[in-house]
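Welcome! Take a moment to look over the sequence and the model, then read on for a short tour.

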Amino acid sequence: MIHGSVGNIMPFSKGMGGTKVVFWDLRDSFLFRLYRGNVEDARLDSILPHVDTVLDQICDLIDDALRDLVVLSICQAALEAFVWVLLDGGPSRAFSDSDIPMMEDDLNMLKDLFVADGEGLPRSLVQKKAEFAEQILSLFALQTGTVIQMLMTASEHISTGLDSRKHGRLCLGDAQTLVRVLCHKKDREASKFLKRQYQLPMSSVYSGSLHIITCSMENETSGKNECRILEVFWTKTSYCTCGGFSKARVPTLSSKQGTQFNTVKR
């Protein structure tokens with residue numbers, strides 16, 4: 001329960017309150033349900049009433065002066081959860097080209113919820129916060145061959161010190177993001193690429209999240225340290241639980257025979 005005191009509102013001012021609401025209180029309805037199985041049968045419109053109810057309950061408990069701060073924290077967390085489903089939702093989420101327009105509509109619905117017909121957050125602010133989610137969707141809309149080529153380019157940038165990744169966070173064009181996009185594409189070319197490069201089993205065997213393990217290794221030719229993919233695996237457990245996992249050791253990714261393909265350290 002949230003009261004309108006400074007002490008209780010501090011987690012929201014630091015962005016943590018919204019994270020707790022979305023990633024814990026709404027985890028069953030949002031994280032576990034959205035797009036699980038297929039997009040058409042698990043769209044956001046069936047989940048938004050749960051989010052709306054929580055927003056109403058919280059706003060009834062706080063002063064109007066604090067409302068925008070709290071709602072913004074929840075908005076940011078909801079957009080991060082949307083991206084989590086796209087990139088780390090596990091093999092129960094696989095997106096085809098025909099799914100992208102529905103997912104774009106869902107993201108627009110999520111933005112509209114927080115704008116609330118002009119009674120909520122400023123549309124320009126919500127739009128700014130949603131930019132990364134929109135960019136991730138744009139990656140899914142690209143041809144698989146284009147994403148693979150972007151992954152190769154991202155690797156080259158790492159070896160030359162031009163990596164786009166900042167402060168350990170996912171960025172649009174970094175290797176970690178692009179691998180995740182390929183792993184969640186319902187596409188034969190993507191599946192063949194992942195099987196060839198990572199020896200991943202059929203995705204239906206697993207029901208958890210994607211993990212990419214990297215390490216820093218010295219290049220025998222240049223003597224420079226480079227980050228390389230060591231392992232890619234799906235956990236068998238669901239989000240927020242612990243347990244055993246299965247994994248497959250993979251070779252260093254290569255863009256062509258004899259050429260090392262490096263990735264960014266997480």
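The side chains of R67 and D68 come together in a salt bridge, with N and O 3.2 Å apart. The term salt bridge stands for a side-chain nitrogen of Lys or Arg within 4 Å of a carboxyl oxygen of Asp or Glu. R67 counts as partly exposed because its relative accessibility is 28%, and D68 is partly exposed too, with a relative accessible area of 35%. Here, buried means under 20% relative accessible area, exposed means over 50%, and partly exposed lies in between (1.4 Å probe, protein chains only).

Before going further, please note that this is a predicted model, in which local features need pLDDT of at least 70, side-chain atom pairs count only at pLDDT 80 or more, and totals for chains, interfaces and linings use all residues. Residues are numbered from 1 along each chain as its sequence is written, and side-chain values use heavy atoms, with hydrogens and water left out.

## The protein as a whole

The protein has 11 helices and 5 strands. These are DSSP runs numbered from the N terminus: helices are H or I with at least four residues, and strands are E with at least two. Of the 266 residues in the protein, 46% are buried.

The accessible surface comes to about 13,600 Å², and carbon and sulfur atoms hold 51% of that area. Such areas come from the Shrake-Rupley method with a 1.4 Å probe; for residues, only the protein chains shown count as cover. As for contacts (heavy atoms within 4.5 Å), take those between residues at least 6 apart in sequence: 66% of them join residues at least 24 apart.

## Salt bridges between helices

How many salt bridges are there by this rule? The count comes to 6. One of them joins the side chains of R180 and D88, at 2.9 Å from N to O. This pair links distant parts of the chain, since R180 sits in helix α10 and D88 in helix α5 (residues 64–88), 92 residues apart. Both R180 and D88 are buried.

K111 forms a salt bridge with E134, and their closest N and O atoms are 2.6 Å apart. K111 belongs to helix α6 (residues 100–115) and E134 to helix α8 (residues 131–141), so the pair ties together parts that are 23 residues apart in sequence. Are these two partners buried or partly exposed? K111 counts as buried because its relative accessibility is 8%, whereas E134, at 28% relative accessibility, counts as partly exposed.

## A covered helix

Let us return to helix α10, which spans residues 175–183 and is mostly covered, with 9 of its 9 residues buried. Among them are A175, L178, V181 and L182. At the start of α10, a side-chain oxygen of D174 reaches to within 2.9 Å of the backbone nitrogen of Q176.

Another cysteine, C75, counts as buried at 1% relative accessibility. How many disulfides does a search of the whole structure find? The search finds 0 disulfides, a disulfide being a pair of cysteine sulfur atoms within 2.5 Å.

## An arginine in a loop

Where is the place of R43? R43 lies in the loop between α3 (27–31) and α4 (48–59). R43 counts as buried because its relative accessibility is 18%. Not counting residues up to four places away in sequence, R43 touches L34, Y35, M102, D105, D106 and M109.

Conventions
A polar contact is a pair of N or O atoms within 3.5 Å; within protein, one must be able to donate a hydrogen and the other to accept it, and residues adjacent in sequence count only if both atoms are side-chain atoms.
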